[in-house]
Amino acid sequence: MKILISALVISLGSLTTFAQVEKEVKADIKHVTVFPDRAQVAHEAQVQLPAGTSTLRLSGLSPYIDPQSVQVKGAGTFTILSVNHQNNYLKNASANEEEESLRSKIEELKMKIEDENASIQVLKGKAEFLAANRGLLLKETTISPEQIRTIMDLFTTNSEQVIFNTLRKERLVKDYEKQLAALQQQLSSRTVANELPTGEISITAMADKPLTGKISYSYVVSNAGWFPTYDIRVDDIKNPVSISFKANVFQNTGQDWKNVMLSFSNATPWISGDVPVLYPWFLNFYTFSEPVLRNRAAAKGIVSESMAPSSVAVADEIRMEAMEEAAAPSVQKQSGQTTITYDIDVPYTISADNQRQAIEIQRLTADASYKYLTVPKRTNLAYLTANITRWSELSLQSGEATLYFENSYVGKSFINAEQVTDTMVMSLGVDNSILVKREKQKDFTNRRVLGSNRTETNSFKISVRNNKTVPVLITVKDQIPVSSNSSITVETVETSGGRMEKQTGMIEWDLNLKPAETKEIILTYSVRYPKDKNIILE
């Protein structure tokens with residue numbers, strides 16, 4: 001009997017030794033790689049593993065984790081048996097330190113308001129006491145004039161202190177109430193996040209003996225991303241173009257990124273990496289069926305509940321103010337075969353509030369040839385353009401650009417990094433020192449009828465003047481109509497040596513203007529068409 005009891009004790013002891021242990025792991029976010037429409041989050045943590053099998057649980061994560069993207073690596077003499085991901089609906093994603101801090105501040109302000117209101121009540125009681133005793137003292141007939149003056153001085157001094165103290169405390173209460181309202185509004189703005197679950201990753205690991213190991217987690221989350229914007233500056237047309245490349249990062253993942261190292265990548269990991277395959281395309285007559293009709297209704301906007309698309313976080317447009325001239329953070333640029341990644345050497349904190357934060361990731365200078373451009377048929381303004389060759393070497397991304405010329409804001413533009421031309425043309429805004437005028441020459445404009453046809457002749461004089469103190473090169477663009485009917489004939493009479501593209505009717509002139517110089521261009525054309533028809537010219 002004793003032998004059986006001893007065996008049972010040994011058996012229970014071994015079960016206790018090798019029973020599965022569950023441990024909560026605290027792993028801070030170390031690095032975030034932000035893609036245009038999502039982000040990869042990486043955690044690291046040291047863990048104490050007992051002998052046997054144990055479960056390591058990393059909780060309080062974003063509820064927007066892509067389960068297929070979860071990766072776990074371990075460093076140490078232990079084995080990872082399994083990795084699981086789930087959302088915990090019993091814990092809220094927003095139950096974090098920020099909300100606890102807000103609630104603590106709200107309670108603190110409420111207590112201060114109560115204290116000040118209590119002090120105000122005491123002061124008001126003191127004021128009533130002084131007023132009551134002042135009346136009683138003044139009724140006394142045995143008080144000398146000197147005593148009356150002393151009593152009045154004492155009453156005045158005390159009343160003044162009570163009144164001003166009461167006023168200061170009432171103003172302080174109003175200030176506290178404003179702060180309280182702002183904090184309550186900030187807290188209420190996070191009520192939607194309070195309903196979100198939290199993500200959890202659990203790892204089952206096995207070790208032969210107790211040890212200290214290292215666990216690295218990474219996963220991809222949605223509701224995060226970045227987009228590029230630029231500040232483009234030109235001091236004068238003798239200097240290169242200065243380009244400030246900014247990454248505008250935003251995230252609403254339900255989890256703040258606190259003091260993390262950031263990388264910005266233009267990769268699109270959510271797009272399939274498989275090469276598309278074409279299959280034979282067979283044509284035949286087709287009879288529309290009920291499902292096809294439903295699909296057509298959906299294409300026209302008649303979407304049933306089952307076909308409604310899932311909601312996605314959309315980045316609103318943002319207008320960023322010009323950054324002050326200061327040192328940019330150190331950035332390491334990694335160029336791969338198909339992607340570019342910018343690694344920021346300074347840690348950042350990005351709150352989960354979907355607010356955009358602009359981070360300068362690159363400062364570039366590019367040699368450019370500057371040229372003015374005007375289209376006097378549409379406007380009498382002259383636009384300065386910077387023509388940048390070999391722009392593909394700058395690794396720019398398509399995005400909005402804010403333009404500055406001679407330290408003045410001139411407007412917005414857009415950098416199209418997907419163009420196939422060798423030269424990128426950037427508009428730097430209007431220069432009011434270039435005067436342009438387009439006027440019809442009445443002496444050379446006429447209409448006449450000959451036989452069954454009518455001929456209209458239009459003539460224009462384009463004047464361009466340079467009021468700058470330096471010479472400029474300006475391209476003038478205009479056009480003549482192009483016939484799309486054999487009954488209409490267009491004849492070019494005078495172009496002042498302009499380059500004309502016959503298929504489109506576009507004409508260009510390149511003018512070199514010295515300071516205070518004016519040049520004129522004559523454009524004349526005629527159109528012949530049947531007199532019983534009508535056409536619109538100009």
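The model is predicted, so local features need pLDDT of at least 70 and side-chain atom pairs count only at pLDDT 80 or more, while totals for chains, interfaces and linings use all residues. Residues are numbered from 1 along each chain as its sequence is written, and side-chain values use heavy atoms, with hydrogens and water left out.

**Around Ser62**
- Ser62 sits in the loop between β4 (52-61) and β5 (71-75), where strands are DSSP runs of E, at least two residues, numbered from the N terminus.
- Ser62 counts as buried because its relative accessibility is 1%.
- A polar atom of the Ser62 side chain lies 2.6 Å from the backbone oxygen of Thr253, and one lies 3.1 Å from the backbone nitrogen of Tyr64.

**Salt bridges**
- There are 18 salt bridges, each a side-chain nitrogen of Lys or Arg within 4 Å of a carboxyl oxygen of Asp or Glu.
- Arg57 and Glu22 form one of them, at 3.1 Å from N to O; this pair links strand β4 with strand β1 (residues 21-25), 35 residues apart.
- Arg57 is buried at 17% relative accessibility, whereas Glu22 is exposed at 53%.
- Lys246 and Asp231 also meet in a salt bridge, at 2.9 Å from N to O, joining strand β10 (residues 241-251) to strand β9 (residues 224-234).
- Both ends of that pair are buried: Lys246 has a relative accessible area of 2% and Asp231 one of 5%.

Technical notes:
Helix = DSSP H or I, 4+ residues; strand = E, 2+ residues; numbered from the N terminus. Buried < 20%, exposed > 50% of the residue type's maximum accessible area, 1.4 Å probe, protein only. Polar contact = N/O pair within 3.5 Å; in protein donor to acceptor, adjacent residues only side chain to side chain.
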